[in-house]
Each structure stands twice: as C-alpha cells, then as structure tokens.
Amino acid sequence: PPGGRHRPVSTDTTPYDPRLDEPPADWEPTPAPKPAPKTIGHRANPHDTDAEEAVLGAILISTQARDDTFATGLAAHHFYAPIHGAIYDAVVKVDNEGDLPDLITLSAHLGTSPDIQNRIINLQAGHTWESRNASAYARRVIHMARLRTVMAGALEAAEHARADNLP
C-alpha cells in the first residue's frame, strides 16, 4: 500500500440487511430523560470541614497557631464534625497541662481506636497546613457554627408559626 499503511480488514461476514441495520423511517429517537427537579428538602447544615481540618492541623504543628487559635474563642462545640470537636478539646487539655499535642498525648484523652489515631496522624502529617492562617481557619469554623445556630432558631420559629403556637 502507498505510504506503508494498511487498512484494517473487517472480519464481520454478515451481509448488510437494511431491514435490520437501519431504523424504520418513522422512528424518532427517544428524548433523554429530564433531570429530576431539585427538591427543597433536606440540605446539610452550613459547615466547612476543610477549615476544621486546617485549624486542627495548624494547632498540632505550631505553638503560635495554638495561641492564635485559642485567642479567637474557638471551642469544641463550634465544630460540625464531632470527632473534630473531640480532637480540639483534647488539644486544649494537653496544652493546659503544659504538654505538646501529639499522637501519644492526644490518645491519652481520646482513646486508642485506630480511627481516632489515623485522623490525628492525617491532621498532623497528612497535609501541609499554613499555620499562619490558623486564626482565619478558626474564625471560619466559628462563623459556620453561628450560621447553624441562626438556622436552628429560624426553623424552630417556623415550626411554632406553622402550629400557630408562637411564644
């Protein structure tokens, strides 16, 4: 062949039959299904687990980040993920005891389950956190907690209004 190229040879020996290989003349393609409408039902509460992990990672690797974060007023109840709140609470306790938070000192407060230990290890070494931004991460976590509080109050007020039971 010219240029050294070979054409692939079809191994299909079935003869062409227009009745089988072509759609009927009146055939219309089936329209694609329409996407389901978005429901106004359940939505996740406001949260930013990236900010939660970032503040925890920062305070695990930097004393300055711990000091900056503690100064924001961040508390365990501000965290959306309960495990993050538990880890934060353990860091505060370890720091108050005058020790540095690490896998061993935190495990003394959190227990030794593999899930908790893996989370601590991932927070401590699994990511590169910008410890200089720890207070910004903490403020973000606090902001998300405040939004959850406002939403909970609004939902409670709406339930009272629906029941015609306003306080």
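With which handedness does H2 pass H4? The points below take this up, along with the rest of the fold.

1. Basis. This is a predicted model, in which local features need pLDDT of at least 70, side-chain atom pairs count only at pLDDT 80 or more, and totals for chains, interfaces and linings use all residues. Residues are numbered from 1 along each chain as its sequence is written, and side-chain values use heavy atoms, with hydrogens and water left out.

2. Overall make-up. The protein has seven helices and zero strands. Its elements run α-α-α-α-α-α-α from the N terminus. Helices (H or I, at least four residues) and strands (E, at least two) are DSSP runs, numbered from the N terminus. Of the 167 residues, 27% count as buried. Buried means under 20% relative accessible area, exposed over 50%, and partly exposed in between (1.4 Å probe, protein chains only). Among contacts with a separation of 6 or more, 64% join residues 24 or more positions apart. Contact means heavy atoms within 4.5 Å.

3. H2 against H4. The axes of H2 (residues 49–61) and H4 (residues 82–96) come within 11 Å and cross at roughly 20 degrees. Axes are lines fitted to C-alpha atoms, for helices over the stretch in contact; angles run from 0 to 180 degrees between N-to-C directions. H2 is therefore roughly parallel to H4. Angles under 35 degrees count as roughly parallel, over 145 as roughly antiparallel, 65 to 115 as roughly perpendicular and the rest as oblique. The opening question has its answer here: H2 passes H4 in a left-handed crossing. That term applies if the near helix is turned anticlockwise from the far one by less than a right angle; clockwise gives right-handed. H2 brings Thr-49, Glu-52, Glu-53, Leu-56, Ile-59 and Leu-60 to the contact, and H4 brings His-84, Ile-87, Tyr-88 and Val-91. Six of these residues are nonpolar, two polar and two charged. Ala, Val, Leu, Ile, Met, Phe, Trp, Tyr, Cys and Pro count as nonpolar, Asp, Glu, Lys and Arg as charged, and the others, Gly among them, as polar.

4. H4 against H5. These axes come within 9 Å and cross at roughly 110 degrees. That makes H4 roughly perpendicular to H5. The crossing is right-handed. From H4 come Ala-86, Ile-87, Ala-90, Val-91, Lys-93 and Val-94; from H5, Thr-105, Leu-106, His-109 and Leu-110.

5. The core. The largest nonpolar core holds 24 residues, and Val-55, Leu-56, Leu-74, Phe-79, Ile-87, Leu-106 and Leu-110 touch the most other members. H2, H4, H5 (103–110), H6 (114–126) and H7 (134–162) each supply at least two residues. A nonpolar core is a set of buried Ala, Val, Leu, Ile, Met, Phe, Trp, Tyr and Cys residues joined through side-chain atoms within 4.5 Å. Beyond its neighbours within four places in sequence, Leu-110 is in contact with Ala-86, Ile-87, Ala-90, Ile-116 and Ile-120.

6. Arg-66. This residue is found in H3 (residues 63–71). Is Arg-66 buried or exposed? At 2% relative accessibility, Arg-66 counts as buried. Neighbours within four places aside, Arg-66 is in contact with Ile-59, Leu-60, Val-91, Asp-95, Leu-100 and Pro-101.

7. Leu-123. Leu-123 lies in H6. Its relative accessible area is 5%, so Leu-123 is buried. Leu-123 and Leu-60 are 63 residues apart in sequence, yet 7.6 Å apart in space, C-alpha to C-alpha.
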